[in-house]
Amino acid sequence: MTHRIDAVLQHRLCAGCGACAYIAGDHGVTMTDVPGVGKRPVGVAALPLFVKDQIADVCPGSEVRAPSWDGHEPDRDEVVTGPTKAIWEGWASDDEIRWAGSSGGVVTALATYALEHLGMALVVHTGMDPDEPWRNKTIISHDRQGLITHSSSRYTTSSPVEALRLVEESDRPCVFIGKPCDVAAVARLRRTRPRLDRNLGLVLSFFCAGTPASDGSLALSRELGVPRPTRLRYRGRGWPGDFRTTDGEREATISYDESWGRLAQKPRQLRCQLCPDGLGELADVTGGDAWHRRQEGTDGISLILARTDRGKQIVEAAIRDGYLEATDSDARRVVAAQGLVQRRRVVGTRLLALRTLFLPTTRFPGFRLRAAAAQVGIRRHIKEFAGTIRRTLRHGRT
Ligand SMILES: Cc1cc2nc3c(=O)[nH]c(=O)nc-3n(C[C@H](O)[C@H](O)[C@H](O)COP(=O)(O)OP(=O)(O)OC[C@H]3O[C@@H](n4cnc5c(N)ncnc54)[C@H](O)[C@@H]3O)c2cc1C
């Protein structure tokens, strides 16, 4: 029988988070960026069974379990935003961070606060690969400047979980920043690793519509007349910022809307299309664009969702200590801001279509996919079901 982790890789359910490399680094597993696909582990197939079992237990391509509602019965909006302890809208008080960040610079401001005020040792996050700037690289930052340099969203695959050993071996708590699937892996890993659990002082995430493969970014740069960029930025420097690519001689920019529109047309990982966790439910705090306030200017405004008591306390302390400016918000405004919640309403149907073809899928227990699905009409579900079946059969694989 095919091992669950081999099935994840064979059937394109891998999100490329890097958990395999963290767990099986001693067995030679590394992450590589596969053109047209994304970050993928190398060396998993040959691993001993007990190591594969360890990976399968935490792999977000295999399963992501939603956090508990603790007895609360969610309303219509909360069903698609997931459980929260508090919601705000705001931005980094530091103008440089707000300007550099993707939306309001909140993720960078909170990480800076954790380093400067909470005594945390380092931040695991993601930035541009200097050798191939259309790809991502896992970055370790120790100060505000490092965080600013690698702030802002990079719309391609990343594998920050690969660096968790640094957190585990640190003498002080650390910050982890990653996509929702990355923090889902982190949440599973910390359950059985007490030292890692103790050292994960703050886990931050952001809303995520999915990661296009890195050659999509290179192709876009090429289309803009920069075939071999030496720097490539997707956003930041104002809100929503622009896509900027340069080789030192030529520089080209296009607006965020145009670039995201073109990148989103490039193939995105199947795992992303099946993901109900676009708003990062397993982080302490998650941030997204407050698109409903876009007309208010170009300085950047974020939605800020505290998912845990620890996250709520840290956001409140960061507001009190002058790192964040924020006002109260709620799930209704998050839904108004985010077209992304629409995916949560249809992924149950996409998963059903794959199962109808006897294909393996990621399991998402606790995400209330039926309640979310009930928010759209039957026609939409029929379209999603037929579209998933058609695409799967046409490509000859999932
Ligand atoms: C692939 C992708 C899809 C997104 N889709 C949406 C969406 O549909 N709706 C929405 O509102 N927001 C989306 N975002 C998030 C949004 O762009 C902002 O990241 C979010 O609003 C937080 O902004 P900020 O200014 O607080 O973050 P910043 O202060 O700019 O910090 C961003 C942090 O994220 C890290 N990071 C950047 N790119 C990646 C990556 N690829 N993988 C892991 N870590 C990374 C950086 O290292 C940095 O620490 C997406 C982001 C990404 C990377």
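**Entry 1: ground rules.** I am working with a predicted model, where local features need pLDDT of at least 70, side-chain atom pairs count only at pLDDT 80 or more, and totals for chains, interfaces and linings use all residues. Residues are numbered from 1 along each chain as its sequence is written, and side-chain values use heavy atoms, with hydrogens and water left out.

**Entry 2: the count.** I looked up salt bridges (a side-chain nitrogen of Lys or Arg within 4 Å of a carboxyl oxygen of Asp or Glu). The structure has 29 of them. Side chains of opposite charge can pair when their charged atoms come close.

**Entry 3: Glu-89 and Arg-293.** I found a salt bridge here, at 2.8 Å from N to O. Glu-89 sits in strand β3 (residues 86-92) and Arg-293 in the loop between β11 (285-289) and β12 (302-306), so the pair ties together parts 204 residues apart in sequence. Strands (E, at least two residues) and helices (H or I, at least four) are DSSP runs, numbered from the N terminus. Buried or exposed? I checked accessibility for both residues. Both are buried (under 20% relative accessible area; exposed is over 50%, partly exposed in between; 1.4 Å probe, protein chains only).

**Entry 4: Glu-281 and Arg-344.** The closest N and O atoms of this salt bridge are 2.7 Å apart. Glu-281 is in the loop between α13 (270-273) and β11, and Arg-344 is in helix α16 (residues 341-356), so the pair links parts 63 residues apart in sequence. Both residues are buried.

**Entry 5: Asp-171 and Arg-172.** I noted 3.8 Å between the closest N and O atoms of this salt bridge. Asp-171 is exposed, at 69% relative accessibility. Arg-172 is partly exposed, at 39%.

**Entry 6: a network.** Which residues are linked in a network of salt bridges? I listed Asp-57, Glu-63, Arg-65, Arg-188 and Arg-363.
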